[in-house]
Amino acid sequence: MTAFNPLTAILTQNKLEGPNYVDWKRNLDIVLIAEEYKFVLDEVCPEKPGDDATDDEQKAYQKWIKADEMARCYILASMSNVLQHQHQSMESAYDILENLKEMFGDQNRAAKQTAMKALLNTKMVEG
């Protein structure tokens, strides 16, 4: 029996459906930072070490590969079945998130524009 993990509970309870992209991404970032996997979203994968690579080069590569694999698992496990199916063949966590940003990232900007337009068009009632 596995122990309850509050980090995975965050993602399980807030699965990405589309409209909740901004909140989902914030929760994903929290989990990836806590689990020390977020670096794979910011750092390029080191080149696969050759036969003459040092132990440190081998370890750095293996660390990145393992962290990317775990980040992909967290991302895929925390989205709807339809989105999982669309993204499961993507190679890296970065690729998945870039595609999701293209799909849903502009929603936040549109919501802000709508709110600002409503605010700017609001008039005070006399008295």
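**How the helices pack**

Helix α2 passes helix α3 in a right-handed crossing (right-handed means that the near helix is turned clockwise from the far one by less than a right angle, left-handed that it is turned anticlockwise). Helices here are DSSP runs of H or I with at least four residues, numbered from the N terminus. This is a predicted model, where local features need pLDDT of at least 70 and side-chain atom pairs count only at pLDDT 80 or more, while totals for chains, interfaces and linings use all residues. Residues are numbered from 1 along each chain as its sequence is written, and side-chain values use heavy atoms, with hydrogens and water left out.

The axes of α2 (residues 21-34) and α3 (residues 55-77) come within 11 Å and cross at roughly 145° (axes are lines fitted to C-alpha atoms over the stretch in contact, with angles from 0 to 180 degrees between N-to-C directions). On the α2 side, Trp24, Leu28, Val31 and Leu32 meet Ala71, Tyr74 and Ile75 of α3, contact being heavy atoms within 4.5 Å. That makes 7 nonpolar residues, no polar and no charged.

Next comes α3 against α5 (residues 93-104), packed at about 35° with axes 8 Å apart. Here Asp68, Ala71, Arg72, Ile75 and Leu76 of α3 meet Ala93, Tyr94, Ile96, Leu97 and Leu100 of α5.

As for α1 (residues 6-13), Leu7, Ala9 and Leu11 are buried, meaning under 20% relative accessible area with a 1.4 Å probe, protein chains only. Their cover includes α2 and α3.

Finally, Ser80 sits in the loop between α3 and α4 (81-87). With a relative accessible area of 13%, Ser80 is buried too, and it touches Leu16 and Glu17, leaving aside residues up to four places away in sequence.

Conventions
Helices (H or I, at least four residues) and strands (E, at least two) are DSSP runs, numbered from the N terminus. Ala, Val, Leu, Ile, Met, Phe, Trp, Tyr, Cys and Pro count as nonpolar, Asp, Glu, Lys and Arg as charged, and the others, Gly among them, as polar. Buried means under 20% relative accessible area, exposed over 50%, partly exposed in between (1.4 Å probe, protein chains only).
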